[in-house]
Amino acid sequence: MSNEWSELASHRIALSIGHCGGSSAPIHGWFLAFHCFETYVKVTFFRGDELDPQPPVASKQRGVRYAHVGEGDEIDEDLWREWIRRAAALPGEPLF
């Protein structure tokens, strides 16, 4: 089964990072990650509780918030760019 839609969604999110002038691993650590599953793309904002508005899905891990994009979901590119811009301005997480 092809997950072309998830590849396209991931590509659009990655482009939003580029439009904000950053990468997901700035010099001070990571601020987001995304994972492609069969039915949705999960975007993890490591300090998502500090974003306003917060990404909609809570995590068991303190401070982390998620946003999910499913097949056929509209992507509010202005909101995504704002989340990414604000998340990139926060101190990142040293994951590795």
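## A charge over a ring

A charge sits over a ring if NZ of Lys or CZ of Arg is within 6 Å of the ring centre and within 35 degrees of the ring normal. In this predicted model, lysine 42 and tyrosine 66 make such an arrangement: the charged end of lysine 42 sits over the ring of tyrosine 66, 4.7 Å from its centre.

Lysine 42 also takes part in strand pairing. The bridge partner of lysine 42 in β4 is histidine 68.

## The sheet

Four strands form an open sheet in the order β1-β2-β4-β3, and their pairing is antiparallel. β1 and β3 are the edge strands, each of them pairing on one side only. Strands of a sheet pair through backbone hydrogen bonds, either parallel or antiparallel.

Strand β1 covers residues 32-36 and pairs with β2 in the antiparallel sense over five bridges. One of the residues involved is alanine 33, whose bridge partner in β2 is threonine 44. A hairpin of three residues joins β1 to β2. On the other pairing of β2, six bridges connect β2 and β4, again in the antiparallel sense.

## The loop between β2 and β3

β2 spans residues 40-45 and β3 spans residues 57-58, and proline 53 is found in the loop between them. The peptide bond that leads from aspartate 52 into proline 53 is cis, with omega near 0 degrees.

Proline 55 lies in the loop between β2 and β3 as well. Is proline 55 buried or exposed? Its relative accessible area is 0%, so proline 55 counts as buried. Leaving aside residues up to four places away in sequence, proline 55 touches Phe45, Gly48, Arg65, Tyr66, Ala67 and Trp83. Tyr66, one of these contacts, is the residue whose ring lies under the charged end of lysine 42. Between proline 55 and tryptophan 80 there are 25 residues of separation in sequence, while the C-alpha to C-alpha distance is 9.4 Å.

## The nonpolar core and the aromatic rings

The largest nonpolar core has 13 residues, and Phe45, Trp80 and Trp83 are those with the most contacts inside it. At least two residues of this core come from each of β2, β4 (65-70) and α2 (77-89). α2 gives the largest share, four residues.

How many aromatic pairs does a search of the whole structure find? The search finds four. Ring pairs link Phe45, Trp80 and Trp83 into a cluster. These three residues are also the ones named for the most contacts inside the largest core. Two of them, Phe45 and Trp83, are among the residues that proline 55 touches.

## Salt bridges

Side chains of opposite charge can pair when their charged atoms come close. The count of salt bridges in this structure comes to five. One of them joins arginine 47 to glutamate 50, with the closest N and O atoms 2.8 Å apart. Arginine 47 has a relative accessibility of 25%, so it counts as partly exposed. Glutamate 50 is likewise partly exposed, at a relative accessible area of 41%.

Arginine 81 pairs with glutamate 77, where the closest N and O atoms are 3.3 Å apart. Both residues lie in helix α2, four residues apart, about one turn of the helix. The side chain of arginine 81 also meets that of aspartate 78 in a salt bridge, at 3.8 Å from N to O. Aspartate 78 and arginine 81 are three residues apart in helix α2, which is also about one turn.

Arginine 81, at 27%, is partly exposed. Glutamate 77 is also partly exposed, at 29% relative accessibility.

Definitions and conventions
Residues are numbered from 1 along each chain as its sequence is written. This is a predicted model: local features need pLDDT of at least 70, side-chain atom pairs count only at pLDDT 80 or more; totals for chains, interfaces and linings use all residues. Side-chain values use heavy atoms; hydrogens and water are left out. Two strands pair if DSSP finds at least two bridges between them. Rings of Phe, Tyr and Trp (its six-membered ring) pair if their centres lie within 6.5 Å; planes under 30 degrees apart count as stacked, over 60 as edge-to-face and the rest as tilted. Buried means under 20% relative accessible area, exposed over 50%, partly exposed in between (1.4 Å probe, protein chains only). Contact means heavy atoms within 4.5 Å. A nonpolar core is a set of buried Ala, Val, Leu, Ile, Met, Phe, Trp, Tyr and Cys residues joined through side-chain atoms within 4.5 Å. A salt bridge is a side-chain nitrogen of Lys or Arg within 4 Å of a carboxyl oxygen of Asp or Glu.
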